[in-house]
Amino acid sequence: MFFKTIRNKWKQYKFRFIPWIALNLKDRSVRSVAPSEKDKLFNDSQVEQFLLHFFENLEKVRQSNAQTSDDGDLWKPQKLTKEEQYLQHRNNLRMMEDCVGFIVERKQSLIPGGGTGVFVTKGQVPKGTVVSMYPGTLYRLGEPILLQSLANPFIFRCIDAVLIDGNDKNISKSIYISCGQRDRHGPYLTCDLSWVTQYPINPLAVGQYVNNQSKLFPANVAYQEFDIPLQFPFHLRKYIPNINYSSSIQEISGQHRQTRVVVLVSLRTIEEGEELFSSYFTVVH
Ligand SMILES: C[S@@+](CC[C@H](N)C(=O)[O-])C[C@H]1O[C@@H](n2cnc3c(N)ncnc32)[C@H](O)[C@@H]1O
């Protein structure tokens with residue numbers, strides 16, 4: 001009876017972040033989304049085109065920096081020294097500025113006690129642009145997330161109840177890396193392992209640090225889900241900052257499970273120096 005009540009309550013729970021974050025925050029203004037919109041500010045093909053374009057540009061930078069011609073598609077970010085990771089990150093930030101006209105980075109939040117936030121540190125973001133991605137391990141209904149989720153403020157909830165653990169530390173980090181290693185094809189990664197470090201290869205993959213809006217700082221970005229299609233180019237999958245907790249090839253059917261990504265889309269023009277704020281309390285009716 002008790003578990004049934006909890007299960008029903010959970011089914012009705014519609015906010016983006018799980019309950020123990022809600023308890024932490026004083027300002028719980030809700031962003032309400034009508035069913036017809038399905039919370040999409042951008043259509044799926046626009047998100048796909050954006051990601052293809054951005055990842056192709058990351059790939060160009062990688063190829064132009066490849067030290068030997070025979071390393072092909074080999075991707076070993078975890079083998080780089082801290083300094084090499086930093087240089088690679090700086091090159092990719094420069095690419096970001098050329099490619100989309102702005103840069104986003106993590107910095108101390110403007111909210112007292114708000115920890116780290118995400119800022120537009122260069123350029124201007126036009127309304128309706130992908131500014132960031134929410135990285136992490138994807139858990140479908142029934143997959144074991146309880147242990148990782150305890151006191152973890154980085155568990156994001158998709159509209160269809162898929163959970164994303166975007167914590168870059170402790171057990172969450174170990175699980176993400178081991179799922180990424182499990183799903184690699186020989187030397188070729190199918191997700192980005194670097195967002196758990198200080199210097200993500202994909203500079204968009206910092207969306208888990210975006211703080212919740214307040215009266216003083218209303219939301220300027222909103223979350224939007226997108227399932228990466230199976231035909232998405234294999235050589236660009238190494239820039240996707242998400243991985244399924246269960247193997248991407250389903251045991252029973254042998255079918256491939258799609259990878260979910262969550263992008264953060266600007267709700268208005270965002271100027272250089274502004275911090276990004278979302279609504280943790282988006283409710284979809
Ligand atoms: C998903 S994390 C965001 C990243 C976080 N700022 C950090 O440094 O790790 C969510 C946590 O950030 C903090 N946070 C987010 N929005 C906030 C706000 N408007 N005011 C105070 N703290 C906030 C709360 O501690 C919350 O549990």
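Student: In which order do the strands of the four-strand open sheet run, and what is the pairing?
Tutor: The four strands of this open sheet are ordered 6-7-5-10 and their pairing is mixed, where strands are DSSP runs of E with at least two residues and helices are runs of H or I with at least four, both numbered from the N terminus, and two strands pair if DSSP finds at least two bridges between them. This is a predicted model, in which local features need pLDDT of at least 70 and side-chain atom pairs count only at pLDDT 80 or more, while totals for chains, interfaces and linings use all residues. Residues are numbered from 1 along each chain as its sequence is written.

Student: Which strands stand at the edges there?
Tutor: Strand 6 (155-157) and strand 10 (242-244) do, and each has a single partner strand, so one side of each is left without a neighbour in the sheet. From one strand to the next, the twist averages 25°, with axes fitted to C-alpha atoms (for helices over the stretch in contact) and angles from 0 to 180 degrees between N-to-C directions.

Student: And how does strand 5 pair with strand 7 and with strand 10?
Tutor: With strand 7 (residues 163-165), strand 5 (residues 136-139) pairs in the antiparallel sense over three bridges, and there Tyr 139 is opposite Leu 163 and Thr 137 is opposite Asp 165. With strand 10, strand 5 pairs in the parallel sense over three bridges, and Leu 138 stands opposite Asn 244.

Student: Over how many bridges do strands 4 and 11 pair?
Tutor: Strand 4 and strand 11 (residues 259-266) pair over three bridges in the antiparallel sense, with Ser 132 opposite Leu 264 in strand 11.

Student: Switching to helices, at what angle do helix 3 and helix 4 pack?
Tutor: Helix 3 (residues 44-65) and helix 4 (residues 82-100) pack at about 135°, their axes 10 Å apart. That makes helix 3 oblique to helix 4, given that under 35 degrees counts as roughly parallel, over 145 as roughly antiparallel, 65 to 115 as roughly perpendicular and the rest as oblique.

Student: Which residues meet in that pair?
Tutor: Phe 54, Asn 57, Leu 58, Val 61 and Asn 65 in helix 3 meet Asn 91, Asn 92, Met 95 and Cys 99 in helix 4, contact being C-beta atoms, placed from the backbone, within 7 Å.

Student: Last one, which residues come nearest the ligand?
Tutor: Gly 115, Thr 116, Pro 153, Asn 211 and Asn 212 come nearest among the 17 residues around the ligand, a residue being near if its C-beta atom, placed from the backbone, lies within 6 Å. Helix 2 (19-24), strand 3 (116-123) and strand 8 (211-212) each supply at least two residues of this shell.

Key: Two residues are in contact if their C-beta atoms, placed from the backbone, lie within 7 Å.
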